[in-house]
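Work through the exercises below with the sequence and the model in view. Each task is followed by its solution in steps.

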Amino acid sequence: MSKNNALFAVALITSLFFIWGFALNLNPILIPHLKKACQLNDFQSSLIDSASYIAYFLLPIPAAQFMKKYGYKGGILLGLVLFATGAFLFYPAAAVRNYAFFLGALFVVFSGAAFLETAANPYITVLGDPAGATTRINFSQSFNGLAATLAPYLGGLFILSGKNLTETETKNMSATDLNNYLNKEASSVQLPFIIIGIVVLVVAFLIYKTAFPPIVEETSHELEDDKRSLMTRIGELLKEKQLMQGVLGEFFYVGAQSCISSFFIRFSEKVAGFAEKPASFYLSMALLSFMIGRLLGTALMLVINPVKLLITYAIINVALLFVAVSVHGALAVYALMGVFFFMSIMFPTIFSLSIRGLGAKTKLGSSLVIMGIVGGAIFPPIMGRISDLTNIQTSYLVPVICFVYIGYFAIINLKVKKVEMVASH
């Protein structure tokens, strides 16, 4: 490839980081929005996260197997088509205002995202000069952070109406007026998701027309390993204590991350009295602090043991969450915003610690770690149920448990002096 073509290829793969980052960080907007439009309780609205993250549990290994047969490009194209299809399904889902339809559309979107994430993290590292692999993945991951910042801001701007009916207003409305109001609320997702679907298809077309260099990754050891059955290899990996502790670490981390962000707007409304549009702006700022935290954390790791940094950040997050559940008003929201900053380094650090020393088993081991993302499907419903039974503030004790395990995981890895960051989410 010429230098210009290589740069264009890197730019296209980098756009994938933005695409799945944008989708994931629209969930905190969709949760309060569909809660209102479909008249849901907190537990029911939390299933938005479940529909999204369960795809990450089911798809990584099939995606890896698909790409082994059809290549990275084939896997990326399939992922983009699935993503766009799910986005387009939001239109009929909103037209009939059916919550199960919305959940199905989200599952399709994130099935595509699972393909993209499975492909993009390793592909960007091998697309070009090996000496620049770390620079490329850090550059690409910054666009994931940019998407995380923009998604709640744009979602709040174009999806949230800012109008919430009180119980009294709802009771005093006629059935026709209430139905018209709910239909109008639901319809606000139609145009944004049509635009998202079109943009994703444009990226798919550009990738289809672009000649990517052939990627040869497999060593003779990996090829020999592939001759054995998939279940045999997975069985061996399940005996890797370090790996399994890391899978559990990502399970708890993504569970905490999804809980904290998904209910942020509702928390801000109930605890600090913020309206949903200003709350979505605060969420956008919190996610900006997440991106800044990752950049700063990456720099700090050059002079501070990453494991010690992980322990410190876990302890700080536990303390901040106790503040968030103990006080009322803006201070509780600011404490929650601080948690985003100190979550920033956790996913890549846990991931990298998990797959250390796996050798030829690294690829399959990485897929198992990615499957730990299913924590994002499990913890929000637990939090939603607690919120329904008590209140939204008390439910924020759930991510406290998650950060306690992350602190434990870091402690048992204190002997590790150097960690090479190899993936992000």
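**Exercise 1: a serine in a helix**

Serine 268 lies in helix H13, residues 264-272; helices are DSSP runs of H or I with at least four residues, and strands are runs of E with at least two, numbered from the N terminus. The model is predicted: local features need pLDDT of at least 70, side-chain atom pairs count only at pLDDT 80 or more, and totals for chains, interfaces and linings use all residues. Residues are numbered from 1 along each chain as its sequence is written, and side-chain values use heavy atoms, with hydrogens and water left out.

Task: state whether serine 268 is buried or exposed, and list what it touches.

Step 1. The relative accessible area of serine 268 is 0%. Buried means under 20%, exposed over 50%, and partly exposed in between (1.4 Å probe, protein chains only). Serine 268 is therefore buried.

Step 2. Contact means heavy atoms within 4.5 Å. Not counting residues up to four places away in sequence, serine 268 touches Gly273, Phe274, Ala279 and Val333.

**Exercise 2: an isoleucine in a loop**

Task: locate isoleucine 345 and find its contacts.

Step 1. Isoleucine 345 sits in the loop between helix H16 (330-343) and helix H17 (346-354).

Step 2. With a relative accessible area of 2%, isoleucine 345 is buried.

Step 3. Leaving aside neighbours within four places in sequence, isoleucine 345 is in contact with Gly293, Gly297, Met301, Leu309, Leu310 and Tyr313.

Step 4. From isoleucine 345 to serine 15 there are 330 residues in sequence and 21 Å in space, C-alpha to C-alpha.
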